[in-house]
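Hi everyone, thanks for coming. Today I'd like to walk you through one structure, starting with the whole chain and then stopping at a few places inside. Please have a look at it first.

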Amino acid sequence: MSRIRSILDRRGASLACWTIVAAVLAGAAIGREPVVAIYLVSFVYYGLYWYGFAWGVDSFAVFKRDAMLLKAVSVAALAFVYLQAPPDILSLGTIALGILLTARAAAVLGIDRTYYGHELAGLTERRITAFPYSLMSHPMIVGNVMAFGGTLLNPAFRAAWWPLATLHVVLNLGLLAMERAGTRRRPAIRLAGLLILAVTAATSTVAAGNDPDSSRLSQGTS
């Protein structure tokens, strides 16, 4: 029992996130509602980011691993539906620029600092001056907004899935606000984050249930 309690103490947030993903996917498989699953699994990693930043983590290695995996699930869900829309050069170009900016920023910052190593793992504060930090303070957020926002430049995707991409953009702006607030404002971050994630979950559920166009696109039909 003490071992189980220790695991829950160290990995409670991670277990909760993966339980949500598993439950959503199982429910979608049983109820044949892939659109609901795509919406809900897309935003779990934001919840993990928020929880770790607002409450701290006992194992930074576990947090970093799960953050990367959950984001991969989210990006895969978006890519699955985006790639079913007819290609749009402007949209693809904007997405590519956003991804390149994010990748460059992560390479310069380092993988640990990319996942809040300073705030959560006690890494020493360091001023980064290499590009793109020489031009902006939060290039990864800017790159994410460009990439997610770039999907909306594709007319077919935008018509069917605009709530999905828009929520990604809004939540990235929320991450920017959280990072600028810093860990010293954790009580406010806890309350604001809980409210934003609740609204996101409700909006996702409504959007998935009321958009027949996204259902047709997810099934590959026109």
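Of the 222 residues in the protein chain, 42% count as buried; buried means under 20% relative accessible area, exposed means over 50%, and partly exposed is in between, with a 1.4 Å probe and protein chains only. Before going further, please keep in mind that this is a predicted model, where local features need pLDDT of at least 70 and side-chain atom pairs count only at pLDDT 80 or more, while totals for chains, interfaces and linings use all residues. Residues are numbered from 1 along each chain as its sequence is written, and side-chain values use heavy atoms, with hydrogens and water left out.

What does the secondary structure look like? The protein chain has 11 helices and 0 strands, so on my count sheet helices are DSSP runs of H or I with at least four residues, strands are E runs of at least two, and numbering starts at the N terminus. Read from the N terminus, the elements go α-α-α-α-α-α-α-α-α-α-α.

The accessible surface of the protein chain is about 11800 Å², and 66% of that belongs to carbon and sulfur atoms. These areas come from the Shrake-Rupley method with a 1.4 Å probe, and for residues only the protein chains shown count as cover. As for contacts, meaning heavy atoms within 4.5 Å, take those in the protein chain between residues at least 6 apart in sequence: 79% of them join residues at least 24 apart.

Now let's go inside. In soluble globular proteins, nonpolar side chains tend to be buried together. A nonpolar core here is a set of buried Ala, Val, Leu, Ile, Met, Phe, Trp, Tyr and Cys residues joined through side-chain atoms within 4.5 Å. The largest one has 46 residues, and Tyr39, Tyr49, Phe63, Tyr116, Phe157, Trp161 and Leu164 touch the most other members. Helices H1 (2-31), H2 (34-41), H3, H4, H8, H9 and H10 (186-210) each give two or more residues to this core. Which helix gives the largest share? That is H9, with 11 residues. There is also a second, separate core of 6 residues, including Ala105, Val108, Leu109 and Met140.

Leaving aside residues up to four places away in sequence, alanine 165 touches Phe148, Thr151, Leu152 and Phe157. Alanine 165 and leucine 78 are 87 residues apart in sequence, yet 8.1 Å apart in space, C-alpha to C-alpha.

Leucine 70, in helix H4, is buried as well, because its relative accessibility is 1%. From leucine 70 to cysteine 17 we have 53 residues in sequence and 8.3 Å between C-alpha atoms.

Valine 36 in helix H2 is partly exposed, at 28%, and its C-alpha lies 8.6 Å from that of alanine 207, 171 residues away along the chain.

Next, some backbone details. Most residues other than glycine have a negative phi, and most peptide bonds are trans. Tyrosine 116 has a positive phi, near 60°, and lies in the loop between H6 and H7. Tyrosine 116 is buried, at 6% relative accessible area. The peptide bond from phenylalanine 131 to proline 132 is cis, with omega near 10°, and proline 132 is in the loop between H7 and H8.

Last stop, the largest pocket. About 1400 Å³ of space lies in it. Its lining has 47 residues, and Leu109, Thr114, Tyr133, Met140 and Glu179 lie nearest the centre. By class, the lining has 25 nonpolar, 13 polar and 9 charged residues; Ala, Val, Leu, Ile, Met, Phe, Trp, Tyr, Cys and Pro count as nonpolar, Asp, Glu, Lys and Arg as charged, and the others, Gly among them, as polar. A pocket is an open set of points on a 1 Å grid over the protein atoms alone, where a 1.4 Å probe fits, with protein on both sides within 12 Å along at least five of seven lines, and lining residues have an atom within 4 Å of a point. Grid points are joined across faces, edges and corners, and the volume is the space filled by probe spheres set on them.
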